[in-house]
Amino acid sequence: MISDIKAIKRWSRIPKHMQKKLLDNVFCSTCGVTTIVDYSIHDNEMGILLKGTCKNCNQKVARLIED
């Protein structure tokens with residue numbers, strides 16, 4: 001997956017323990033709250049957008065971390 005350099009820099013400024021909380025709190029329409037895996041990081045006008053798959057069912061999921 002291709003990630004955005006600007007978004008990666010913004011993501012790296014978030015403390016590791018908070019990154020883990022954000023990755024473990026993603027909504028999947030099949031499983032409910034899940035963990036995002038195999039994700040890419042993108043810059044978005046609203047913040048940082050993570051696009052990846054659900055750890056449980058491999059369905060596509062996304063998480064927006066607002067500025």
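Which residues have the most contacts inside the largest nonpolar core? They are W11, I48, L50 and I65, in a core of 14 residues. Keep in mind that what you're looking at is a predicted model.

**The core**

Let's see where that core comes from. The elements that give two or more residues to the core are α1 (5–12), α2 (16–23), β1 (26–28), β3, β4 and β5 (60–66). Strand β4 gives the largest share, with 3 residues.

Pick out I48 and look around. Setting aside neighbours within four places in sequence, I48 is in contact with A7, R10, W11, I14, I41, H42, R63, L64 and I65. Two of the names on that list, W11 and I65, are also among the residues with the most contacts inside the core.

**The hairpin**

Now follow β3 and β4. Strand β3 covers residues 36–44 and strand β4 covers residues 47–54, and the two pair in the antiparallel sense over 7 bridges. Together they form a hairpin, with 2 residues between them. If you want one spot to check on screen, find H42, which stands opposite L49 in β4. As for side chains, in a regular strand they alternate between the two faces of the sheet.

**An aromatic pair**

How many aromatic pairs are there? The count comes to 1. The partners are W11 and Y39, and their arrangement is edge-to-face: 6.5 Å centre to centre, with 70° between the planes. W11 sits in helix α1 and Y39 in strand β3, so this pair ties together parts that are 28 residues apart in sequence.

W11 counts as buried, at 6% relative accessibility, while Y39 counts as partly exposed, at 29%.

Next, the cysteines. A search of the whole structure finds 0 disulfides.

| Residue | Relative accessible area | Class |
|---|---|---|
| C28 | 1% | buried |
| W11 | 6% | buried |
| Y39 | 29% | partly exposed |
| C31 | 33% | partly exposed |
| V33 | 59% | exposed |

Finally, have a look at V33, in strand β2 (residues 32–34). V33 is exposed, with a relative accessible area of 59%. Even so, V33 has partners: leaving out neighbours within four places in sequence, it is in contact with D24, N25, V26 and F27. The C-alpha atoms of V33 and C54 are separated by 9.3 Å, and these residues are 21 apart along the chain.

Move along to T35 and you're in the loop between β2 and β3. Not counting residues up to four places away in sequence, T35 touches L23, D24, T53, C54 and K55. With D24 there is also a polar contact, made side chain to side chain at 3.1 Å. D24 turns up among the contacts of V33 as well.

Conventions
Residues are numbered from 1 along each chain as its sequence is written. This is a predicted model: local features need pLDDT of at least 70, side-chain atom pairs count only at pLDDT 80 or more; totals for chains, interfaces and linings use all residues. Side-chain values use heavy atoms; hydrogens and water are left out. Helices (H or I, at least four residues) and strands (E, at least two) are DSSP runs, numbered from the N terminus. Buried means under 20% relative accessible area, exposed over 50%, partly exposed in between (1.4 Å probe, protein chains only). Contact means heavy atoms within 4.5 Å. Two strands pair if DSSP finds at least two bridges between them. A disulfide is a pair of cysteine sulfur atoms within 2.5 Å. A nonpolar core is a set of buried Ala, Val, Leu, Ile, Met, Phe, Trp, Tyr and Cys residues joined through side-chain atoms within 4.5 Å. Rings of Phe, Tyr and Trp (its six-membered ring) pair if their centres lie within 6.5 Å; planes under 30 degrees apart count as stacked, over 60 as edge-to-face and the rest as tilted. A polar contact is a pair of N or O atoms within 3.5 Å; within protein, one must be able to donate a hydrogen and the other to accept it, and residues adjacent in sequence count only if both atoms are side-chain atoms.
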